[in-house]
Amino acid sequence: MENKNFDVIIIGGSYSGLSAGMSLGRSLRNVLIIDNGKPCNRQTPHSHNFITHDGKTPAEIAQLAKKDVEKYNTVKFYNGTVTKTIKATEGFDVEISSGEKFHAKKLILASGIKDIMPDIPGFAECWGISVLHCPYCHGYEVKNEVTGILSNGDMAYEFSKLIFNMTKNLTLFTNGKATLTDEQIEKLNQNKIILNEDEIAGIEHKKGSIQKIIFKNGKEIVLQALYAKIPFEQNINASGDLGCELTEQGFINIDMMQKTTVPGVFACGDNVTMMRSVANAIAQGNFTGAVVNKELSDEEF
């Protein structure tokens, strides 16, 4: 790529990054979108709760979005992984795994997050297929089915409230001693939500579709769906390289204008919010692109 200097570099070319790219491209900004083609939902067979695209595969939605953004000749694409981001005298330098370097006045981190899979055989293979993170994205498709939740403590209790609305055949698996309060356990009992503290040995499945959970004590439970709250980490070293502040939950800390704690660096998408959905990522990206264009306009006028 001959041009190395851009108004804006967007790290991450999924829904949020592409949406920001369209907003900036339509504002005649020279933009580079860098993406390695490994979105967190690449195993998910269908995406839901996004009007006009309900039920399409995540990849199909992303391909359609990229095709739209490619119409704007001020937006360029680079297939690669960002290894380093550096605050320069004016703007930012971005280095790719190939060694190639680019420069921009502004950075948008639309880099998503990486889910950290538990050490449970079969879990990773079912993630996004029958092991689910979001009732809004996938709950309707498994409504009234035999369902489980893999979580513990306050998060498990709050999650149980949401899933209880989707099915009354519900079991909470804490995978060891429960850390819920007596009051929370009593409330689960009142709503006939089964609490299972047995340690899980593995998940039996067929091509990602859960058949049963197998426990270390030899017991088995047949399931159709399992919701899980698992830890994550940022895909990009925003706090180390750039000095962006993270929240207690591990998200990039932003204000109401999608600005991080580092001037000139913005963030949008799954890396800033627990509301992980295609629709939300696209909305955030669209807004972020407009905010960045406004900041550039103010500086240049």
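Residues are numbered from 1 along each chain as its sequence is written, and side-chain values use heavy atoms, with hydrogens and water left out. Because the model is predicted, local features need pLDDT of at least 70 and side-chain atom pairs count only at pLDDT 80 or more, whereas totals for chains, interfaces and linings use all residues.

Strands (DSSP runs of E, at least two residues, numbered from the N terminus, as are helices, runs of H or I of at least four) pair if DSSP finds at least two bridges between them. An open sheet has the strand order S12-S13-S14, with antiparallel pairing. Strands S12 (200–206) and S14 (220–222) stand at the edges with a single partner strand each, so one side of each is left without a neighbour in the sheet. Strand S13 (residues 209–215) is joined to S14 by three bridges, and Lys212 stands opposite Val222 in S14.

Six aromatic pairs were counted, taking rings of Phe, Tyr and Trp (its six-membered ring) with centres within 6.5 Å; planes under 30 degrees apart count as stacked, over 60 as edge-to-face and the rest as tilted. The rings of Tyr78 and Phe102 have centres 5.3 Å apart and planes at 70°, so this pair is edge-to-face. Tyr78 lies in strand S3 (residues 75–79) and Phe102 in strand S6 (residues 101–109), so the pair ties together parts 24 residues apart in sequence. Phe6, Tyr78 and Phe102 form one aromatic cluster.
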